[in-house]
Amino acid sequence: MPEPIATPNEESLRAGLRELIRKTVEEMPNGLLEEEAGDLVGAERCERTADREAYRAGRYERKLATTSGEVTIRMPKLKGMRFATAIIERYRRRETSVEEAMVGMRLAGVSTRRIEDVSEMLWGSSVSAATVSNLDEKAFEAVEERRDRPLERACPYVYVDGIYLKRSWGGSYGNVAVMVAIGVSDDGCREAIGAAEGLAESSERWREFLSWLRSRGLRGVRMFTGGRAAGMVGSIAEVFPEAAYQRRAVRFYRNVLAKAPKTRRAKAAAMLKAIHATESREASEGKAAEVADELESMRPEGAAKAVRDGCAETLTYTRFPAAHWRRIRANSAIERLNREIRRRTRVVGTFPDGNSALMLVTARLKYVAESEWGSRRYLDVALLEG
């Protein structure tokens, strides 16, 4: 008869491997602490020397939560000298990577109770709600510091938009606008330059937001790209009179198509895209006139009027180098950020206040800006000087 095939117990092997890693992690700092205590005392255990400065007086144990599980740290006690170590900070109960993971979960919208459960499952020790709150304060301080940082580089192109999130208002809930701005700096890279809360995208809030950007050092702006929110265009002209304004082409398309019959929208959309596929402003304006006439002949007069009235605002990019057109004629640079922000804020649902919504949005902007998104060259800004 064939001999039975032995199959290993994978769960047992994994448990054994985890325990081996945990013990290794536990032995390393304990060994370093013993070496450090020996250097301070000037002698090994039970060694008699004339130049020793202190004596060992036992140990006390501390628990430390690590990514490999909870380990026991045996801290040496000395007689005649205070033992202070740089290996583990005083009162620290968690590895730095564990704290960073908890802060990341909190900023991602995970509840405090859920963080307690996750920490118990992953690291073998739970954390209190007060600990999570303290970590939140540290994280929010770092986020707020980045939000208010001085803007050191000039930004020829700036993209602005408003994102609406839900927040609590005295027992009920409603919308709150978070205004976001990113810029293409003079080195050709993108940078998240600002985020601020506003009850709505009013003229006053846009003026305050743009003035705040200017006070932090925003300069050298040649063109703003954004939607046609109430008060945005007037506020840009007031705070940055030297900068041009460009309306987002996709919003222009939507406005025109909303006034066209459903049976004609596919054809109208193709005609609208042809306006921005030409090689010069004159050709784009001529194509826009043709599209308006053709729409008028198809009898959606409202769509034809929208093309004649609003097309010029979408052609501001033609004043700049042709090599930049593909990047600056649309608002794709900020749309990708908006999708990332909404993906992260959707799990929260309704924010308890506007500050928490703003902090989460700013944290996501910080995370994205520190990735390849913020270090990859987006435009050759040197062409503006030509």
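Predicted model: local features only at pLDDT ≥ 70, side-chain atom pairs only at ≥ 80, totals over all residues.
1. W206, F209 and W212 are linked into a cluster by ring pairs. Two rings of Phe, Tyr or Trp (its six-membered ring) pair if their centres lie within 6.5 Å; planes under 30 degrees apart count as stacked, over 60 as edge-to-face and the rest as tilted. By this rule, the count is six aromatic pairs.

2. Residues are numbered from 1 along each chain as its sequence is written, and side-chain values use heavy atoms, with hydrogens and water left out.

3. One of the aromatic pairs joins Y157 to F320 in an edge-to-face arrangement, with 5.5 Å centre to centre and 80° between the planes. Y157 belongs to strand β3 (residues 157-169) and F320 to the loop between α10 (301-310) and α11 (325-328), so this pair ties together parts that are 163 residues apart in sequence. Helices (H or I, at least four residues) and strands (E, at least two) are DSSP runs, numbered from the N terminus. Y157 is buried at a relative accessible area of 1%, and F320 is buried at 11%. Buried means under 20% relative accessible area, exposed over 50%, and partly exposed in between (1.4 Å probe, protein chains only).

4. For F209 and W212, the ring centres are 6.0 Å apart and the planes stand at 35°, so the pair is tilted. These two residues are three apart in helix α5 (residues 203-215), a separation of about one helical turn. Both F209 and W212 are buried.

5. H276 is located in the loop between α8 (265-275) and α9 (281-297). The residue is buried, with 5% relative accessible area. Apart from neighbours within four places in sequence, H276 contacts A249, F252, Y253, T314, L315, Y317 and R329, where contact means heavy atoms within 4.5 Å.

6. How many disulfides does a search of the whole structure find? The search returns zero, a disulfide being a pair of cysteine sulfur atoms within 2.5 Å. C155 is buried, at 1% relative accessible area, and C311 counts as buried at 4%.
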